[in-house]
Amino acid sequence: MPSPSWPAWWAMTAGALLGAGAHLVNALPDIQDDLATGVRGLPQRLGRGVCRWLAPALMLAAVSVLVVGPPGGVRRSGWVLAGAAAVVSVAGTALPCDDRSRRPFRAAVVVAGMAVAQLLLRGSDMT
């Protein structure tokens with residue numbers, strides 16, 4: 001670009017929410033081992049139960065920001081994407097699974113991919 005400029009607020013906000021959600025879900029299977037070895041980061045302090053619900057909430061918030069943030073109104077594809085992300089997120093975290101299950105992580109990766117798809121669809125609105 002001829003003159004440097006910041007990305008759109010909605011792109012930066014969505015990136016921060018995705019990053020925070022990904023961090024929580026990535027730490028989820030290891031929280032007990034981390035606590036036993038003295039690791040005391042945010043996921044360990046919050047615990048498995050909180051992380052299991054907070055991670056998808058943050059990632060869904062990111063998708064929501066990407067759907068409603070760009071100028072020009074919400075497109076039909078945005079609504080479909082948001083609904084699909086909600087289904088994947090709930091299926092990945094709300095359904096019972098053992099403490100070592102990677103399902104929440106896999107669901108988070110799928111939701112992050114949906115967010116990236118939305119960003120690619122609306123990326124031209126960043127300037």
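The model is predicted. Its largest nonpolar core has 25 residues, while four residues, Leu-42, Leu-46, Val-50 and Leu-54, make up a nonpolar patch on the surface. Helix 4 has a part in both the core and the patch.

- At least two core residues come from each of helix 1 (9-27), helix 4 (48-68), helix 5 (76-93) and helix 6 (103-122).
- The largest contribution to this core is that of helix 4, which gives nine residues.
- In soluble globular proteins, nonpolar side chains tend to be buried together.

**The nonpolar surface patch**

- Together, Leu-42, Leu-46, Val-50 and Leu-54 have about 300 Å² of accessible area.
- Helix 3 and helix 4 are the elements that supply two or more residues to the patch.
- Leu-54 lies in helix 4.
- Leu-54 counts as partly exposed because its relative accessible area is 32%, which falls between the limits of 20% for buried and 50% for exposed.

**Gln-44 in helix 3**

- Gln-44 belongs to helix 3, which spans residues 42-46.
- Gln-44 counts as buried because its relative accessibility is 9%, and the cut-off for buried is under 20%.
- A polar contact of 2.8 Å joins the side chains of Gln-44 and Asp-34.
- Leaving aside residues up to four places away in sequence, Gln-44 touches Ala-27, Ile-31, Asp-34, Leu-35 and Val-39.

Terms used: Residues numbered from 1 in each chain as written. Predicted model: local features only at pLDDT ≥ 70, side-chain atom pairs only at ≥ 80, totals over all residues. Heavy atoms only, no water. Helix = DSSP H or I, 4+ residues; strand = E, 2+ residues; numbered from the N terminus. Buried < 20%, exposed > 50% of the residue type's maximum accessible area, 1.4 Å probe, protein only. Polar contact = N/O pair within 3.5 Å; in protein donor to acceptor, adjacent residues only side chain to side chain. Contact = heavy atoms within 4.5 Å. Core = buried A, V, L, I, M, F, W, Y, C linked by side-chain atoms within 4.5 Å. Patch = residues over 30% accessible without salt bridge, like charges linked within 9 Å, V, L, I, M, F, W, Y side chains within 5 Å. Areas by Shrake-Rupley, 256 points an atom, 1.4 Å probe, with all protein chains shown as cover. Salt bridge = Lys/Arg side-chain N within 4 Å of Asp/Glu carboxyl O.
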